Amino acid sequence: MAYKQYLLICGGTACESNKGIALNENLKRAIAAHGLEKDVQIVTTGCFGFCEKGPIIKVLPEETFYVHVKPEDAAEIVAEHCVKGRPVTRLLYDPSQSKAHVKLEDVDFYQKQFRIVLRNCGVIDPDSVNEYIARDGYAALEKVLFEMTPEEVIAELQKSGLRGRGGAGFPTYRKWLFTKDVKADQKYIVCNADEGDPGAYMDRSTLEGDPHSVIEAMIIAGHTVGADKGYVYIRAEYPLAIRRLEKAIADCHELGLLGQNILGSDFSFEIELRLGAGAFVCGEETALLASIEGKRGMPKPRPPFPAIKGLWGKPTVINNVETLASIPVILHRGGDWYNKIGTETSKGTKVFALTGKVKNSGLIEVPMGTTLREIIFDIGGGIRDGKKFKAAQTGGPSGGVLTPDFLDIPIDYESLGKLGSIMGSGGLIVMDEDDCIVDVAKFYLEFTVDESCGKCAPCRIGGRTLQQLLEKITNGNGELSDLDTMKEIGMAMQKASLCGLGQTAPNPVMSTIRYFEEEYREHILDRHCRARKCKNLIQYNITDKCVGCTVCARVCPAQCISGKVKEQHVIDQERCIKCGQCMASCKFSAITKG
Amino acid sequence: MKKLTLADLRKFRDEKRRELDRRDPTNKDVQIVVAMGTCGIAAGAKKSFAAILDELEKRQLGTVVVRQVGCMGLCHSEPNVEVIMPDMPTVIYGKVDEKLARRIVGEHVVGKALIDDAICDRPSGDIIG
């Protein structure tokens with residue numbers, strides 16, 4: 001007997017951490033209480049992307065889209081919607097609309113998106129290999145095993161124009177070709193799932209929402225280059241992604257999609273997981289390989305490139321999660337189809353983790369060449385609280401800022417490079433007028449200094465010196481000559497560091513100096529922080545609006561506010577720790593920050 | 001479960017695809033709407049609903065969405081079923097028992113012919129809005 005109704009509930013980490021698990025359990029309980037187990041199926045899916053509105057439930061076939069659903073709403077949804085067929089209006093995405101069903105494509109957030117990598121996220125149950133297969137899963141593998149030669153597979157990838165999504169944008173077909181053409185008794189396929197940028201969760205969501213897409217691509221890669229063993233290097237901090245991958249691998253073994261003689265062919269392939277301990281540098285491919293080998297995760301000079309001499313000295317293809325997840329679709333639908341999407345030099349789509357001061361933060365996928373304006377204002381819904389857009393950081397700690405002047409530039413690998421940023425793995429952090437640009441640069445630099453492995457001097461010493469200079473400036477002790485010193489150090493790091501971490505670490509500093517030099521000069525010359533973020537450059541003062549209610553004096557943790565009842569109070573600037581509690585507690589707006 | 005061969009996988013995919021298609025409303029232009037208010041359920045709408053699904057499955061009709069809604073306001077003729085499809089007037093059928101439910105799929109959806117003796121009047125606009 002078939003189900004009549006399907007409740008698709010988001011099982012991504014973002015929604016699960018927002019009481020999604022309790023909601024799921026309550027739904028199950030309510031469905032059982034109404035005796036609807038045979039009528040209504042609960043499908044726990046991967047990330048819908050619209051994390052801002054989570055937890056999300058989509059009811060099919062009606063296409064009702066519920067947002068911000070709390071565990072206590074479960075009973076009402078089941079009693080009203082599942083039993084009586086009446087939508088719970090207050091939980092609808094847009095309660096004002098008369099129609100209860102809203103197609104996802106009609107929601108602003110999804111309109112400019114194009115989902116290839118995330119094709120199954122929010123659509124299928126990631127724990128069900130059946131549902132993946134039903135959505136053309138392992139169809140590309142069929143083709144590769146029985147209809148195409150390895151040369152044809154690589155030619156198809158070349159036609160597609162796919163480039164590595166881990167950041168650098170190296171053509172994927174070339175990596176595969178290098179490894180294929182080397183003669184060796186053993187070759188390896190490695191999936192780089194060591195995503196560590198602050199604010200980035202693209203790979204995590206892909207693995208959580210559609211683990212089979214990555215597994216299928218790894219098997220295809222193995223067959224194409226002649227490898228029979230694959231490793232997924234994934235952060236131990238991603239327990240849900242790990243669990244779903246493990247389940248997916250076990251299911252594949254059971255069905256004969258992994259293991260000996262896959263689908264009755266003469267090809268065999270195994271996949272193992274390797275958990276990373278959370279070092280950012282292990283996202284760099286040579287450090288990652290060292291870590292898989294059980295050594296300390298430190299990069300090695302290239303060449304030799306891993307494609308020729310990689311894991312345990314054997315030729316190794318290393319691809320990022322997003323790159324791999326695109327491959328089954330490309331081979332199934334053809335390289336020409338993929339090639340039509342995107343810009344001249346950058347084909348296909350890119351997943352971004354859109355975060356920061358936008359209204360709709362979430363996981364999005366757009367064709368290459370989409371503008372920043374479309375991403376931030378059409379998909380992201382604009383800046384929160386009516387504030388002004390100041391800058392967007394792409395590429396995380398390895399990238400740079402984009403200013404309002406560049407809102408209309410189509411985003412691809414080349415355009416971002418020209419502007420002093422990088423595509424990176426896809427973190428996109430939006431900043432408004434309340435963010436201090438010097439402080440942002442300092443934040444990213446602190447991150448990379450912390451994560452530097454210390455092997456090479458430019459990164460180890462250069463990073464630390466840059467950080468000290470930024471601290472000096474934000475403390476109000478900066479000198480104009482510091483700007484030139486920082487540029488010089490930055491350039492040296494870019495040229496002389498051993499790996500990508502050090503080479504790109506100065507990018508946030510260099511790019512903020514390039515576009516916001518004015519703001520650096522304000523910090524140095526006027527000792528002024530326009531965003532009022534740098535503590536040592538701001539002062540709290542009590543104006544004559546003060547009625548002497550004594551609240552501020554009582555909340556001040558440093559006890560540096562004095563004054564008599566019903567008289568204007570005074571802050572002792574020497575002892576003030578700039579915590580801002582006085583301002584927050586004042587009911588008469590008598591305290592200013594400047 | 002035994003290991004799949006290529007032919008098994010293809011067969012398996014077709015089967016699973018049909019299952020998944022049932023929940024996916026995209027590209028489906030025929031809608032069958034069953035009124036499932038308390039009154040409808042009491043009058044046997046659940047059985048009619050099941051019969052419709054069963055008939056669609058038997059005939060392997062992939063382009064039909066079956067939805068349930070609340071009371072249509074036609075309590076005198078429950079269970080009610082509305083059929084919305086291109087090239088046909090939108091019609092509400094009344095007193096849809098299992099037999100009629102199967103006829104609706106066969107005669108209306110597939111045969112594109114109205115089942116005259118079972119058609120109900122549409123309620124006035126202010127009732128169904």
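Colleague: Where in chain A does P303(A) lie?
Modeller: Keep in mind that this is a predicted model. A cis peptide bond joins R302(A) and P303(A), with omega at about -5°. If you look for P303(A) itself, you will find this residue in the loop between α11 (285-292) and β8 (316-320) of chain A.

Colleague: What is omega for the peptide bond from P303(A) to P304(A)?
Modeller: P304(A) has its place in the loop between α11 and β8 of chain A. The peptide bond that leads from P303(A) to P304(A) is cis, and its omega is near 5°.

Colleague: Which domains is chain A divided into?
Modeller: Let us walk along the chain. The division begins with domain 1 (5-110) and domain 2 (129-339). It goes on with domain 3 (349-432), domain 4 (437-525) and domain 5 (539-593).

Colleague: How many residues does domain 3 of chain A bring to the contact with domain 1 of chain A?
Modeller: Taken over C-alpha atoms, the centres of domain 1 of chain A and domain 3 of chain A are 30 Å apart. Domain 1 of chain A puts seven residues into the contact, and domain 3 of chain A puts in eight residues.

Colleague: How are α17(A) and α18(A) oriented to each other?
Modeller: Start with the angle: the axes of helix α17 (residues 457-474) of chain A and helix α18 (residues 481-496) of chain A cross at roughly 160° and come within 10 Å. Angles over 145 degrees count as roughly antiparallel. The two helices α17(A) and α18(A) are therefore roughly antiparallel to each other.

Colleague: How do the residues of the contact of α17(A) with α18(A) divide by class?
Modeller: α17(A) passes α18(A) in a left-handed crossing. On the α17(A) side the contact includes P458(A), C459(A) and L466(A), and on the α18(A) side it includes T485(A), M486(A) and I489(A). By class, the residues of this contact are 10 nonpolar, four polar and two charged.

Colleague: How many residues of α8(A) are buried?
Modeller: Helix α8 (residues 202-209) of chain A is mostly covered. Among its buried residues are M202(A), R204(A) and L207(A).

Colleague: How do α8(A) and α12(A) lie to each other?
Modeller: The axes of α8(A) and helix α12 (residues 321-333) of chain A are 9 Å apart, and the helices pack at an angle of about 45°. In α8(A), M202(A), D203(A), T206(A) and L207(A) meet V321(A), E322(A) and A325(A) in α12(A). From the angle, α8(A) and α12(A) are therefore oblique.

Colleague: Is K19(A) buried or partly exposed?
Modeller: K19(A) lies in helix α1 (residues 13-33) of chain A. Its phi is near 65°, a positive value in a residue other than glycine. A residue needs 20 or more other C-beta atoms within 10 Å to be buried. K19(A) has 16 of them within 10 Å, so K19(A) is partly exposed.

Colleague: Which residues does K229(A) touch, leaving out those up to four places away in sequence?
Modeller: K229(A) is found in strand β6 (residues 229-235) of chain A. With 19 C-beta neighbours inside 10 Å, K229(A) counts as partly exposed. With that exclusion in place, K229(A) touches Y188(A) and E270(A).

Colleague: Now chain B: in what order do its elements run?
Modeller: Chain B has five helices and five strands. Its C-alpha atoms fill a box of roughly 55 × 30 × 25 Å along the principal axes. From the N terminus on, the elements of chain B run α-β-α-α-β-β-β-α-β-α.

Colleague: Last one: which element gives the most to the side of chain A that touches chain B?
Modeller: In all, 23 residues of chain A are in contact with 27 residues of chain B. On the chain A side, α4 (129-134), α5 (139-146) and α10 (239-255) each supply at least two residues. With four residues, the element that gives the most is α4(A).

Definitions and conventions:
Residues are numbered from 1 along each chain as its sequence is written. Chains are lettered from A and ligands numbered from 1 in the order in which they are written. This is a predicted model: local features need pLDDT of at least 70, side-chain atom pairs count only at pLDDT 80 or more; totals for chains, interfaces and linings use all residues. Domain bounds come from an automatic or database domain assignment. Two residues are in contact if their C-beta atoms, placed from the backbone, lie within 7 Å. Axes are lines fitted to C-alpha atoms, for helices over the stretch in contact, and angles run from 0 to 180 degrees between N-to-C directions. Angles under 35 degrees count as roughly parallel, over 145 as roughly antiparallel, 65 to 115 as roughly perpendicular and the rest as oblique. A crossing is left-handed if the near helix is turned anticlockwise from the far one by less than a right angle, and right-handed if clockwise. Ala, Val, Leu, Ile, Met, Phe, Trp, Tyr, Cys and Pro count as nonpolar, Asp, Glu, Lys and Arg as charged, and the others, Gly among them, as polar. A residue is buried if 20 or more other C-beta atoms lie within 10 Å of its own, exposed if 12 or fewer, and partly exposed in between; C-beta atoms are placed from the backbone.
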